[in-house]
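Please read this briefing with the sequence and the coordinates side by side.

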Amino acid sequence: MDTNGLTKPANIKQKFQLVKGDFTPSEASDVIMSLIDEKINFHQKQRLQNWEQDHKSDSDEIDDRIDQLEKEKQAVKEFIAGARNLKSNLNINGILEITIVDNQ
């Protein structure tokens, strides 16, 4: 494959609407917990891959991120429980913003 003609895209930042709408507390919990759990799983796999390559690898940064996500997960559960107690629905506006960064 010839990569000599590769150029940077005109847009280096894009936004993608992943989740949008009103949800019951149960639906909101399913959507948000799935996203958080997937991200935790990603980091756990990353940590395992690093360990397989080097048993002495430092996983502190990954461990900190997993801990942070677990705390966010608990905060979301509490927030959704509050909405459930109020018998209210939740509006979710989940936008993912991706930016191309220069590796040099």
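What follows describes a pocket and a set of salt bridges.

This is a predicted model, and the values below are computed from it. In the largest pocket there is about 430 Å³ of space, and a search of the whole structure turns up four salt bridges.

**The largest pocket**

- The lining of the largest pocket is made up of 15 residues, and those that lie nearest its centre are Ile-32, Leu-35, Ile-36, Leu-69 and Gly-94.
- Two or more residues of this lining come from each of the elements β1 (13-23), α1 (25-53), α2 (60-85) and β2 (90-99).
- Among these contributors, α1 gives the largest share of the lining, namely five residues.
- By residue class, the lining of the largest pocket holds eleven nonpolar residues, one polar residue and three charged residues.

- Glu-97 and Lys-13 meet through their side chains in a salt bridge, with an N to O distance of 3.5 Å. Because Glu-97 belongs to strand β2 and Lys-13 to strand β1, this pair ties together parts that are 84 residues apart in sequence.
- Glu-97 also forms a salt bridge with Lys-15, where the closest N and O atoms are 3.8 Å apart. Since Lys-15 lies in strand β1 and Glu-97 in strand β2, the pair ties together parts that are 82 residues apart in sequence.
- Glu-97 counts as partly exposed, because its relative accessibility is 42%, and Lys-13 is likewise partly exposed, with a relative accessible area of 46%.
- Lys-15, in turn, counts as exposed, because its relative accessible area is 55%, and the cut-off for that class is over 50%.

**A salt bridge between the helices**

- Asp-63 and Arg-47 meet through their side chains in a salt bridge, with an N to O distance of 2.7 Å. The pair links distant parts of the chain, as Asp-63 is in helix α2 and Arg-47 is in helix α1, 16 residues apart.
- Asp-63 has a relative accessibility of 22% and therefore counts as partly exposed, and Arg-47 falls in the partly exposed class with a relative accessible area of 29%.

How values were computed
Residues numbered from 1 in each chain as written. Predicted model: local features only at pLDDT ≥ 70, side-chain atom pairs only at ≥ 80, totals over all residues. Heavy atoms only, no water. 1 Å grid on protein atoms, 1.4 Å probe; cavity = no way out; pocket = protein on both sides within 12 Å on 5 of 7 lines; lining within 4 Å. Points joined across faces, edges and corners; volume = space filled by probe spheres on them. Helix = DSSP H or I, 4+ residues; strand = E, 2+ residues; numbered from the N terminus. Nonpolar A, V, L, I, M, F, W, Y, C, P; charged D, E, K, R; others polar. Buried < 20%, exposed > 50% of the residue type's maximum accessible area, 1.4 Å probe, protein only.
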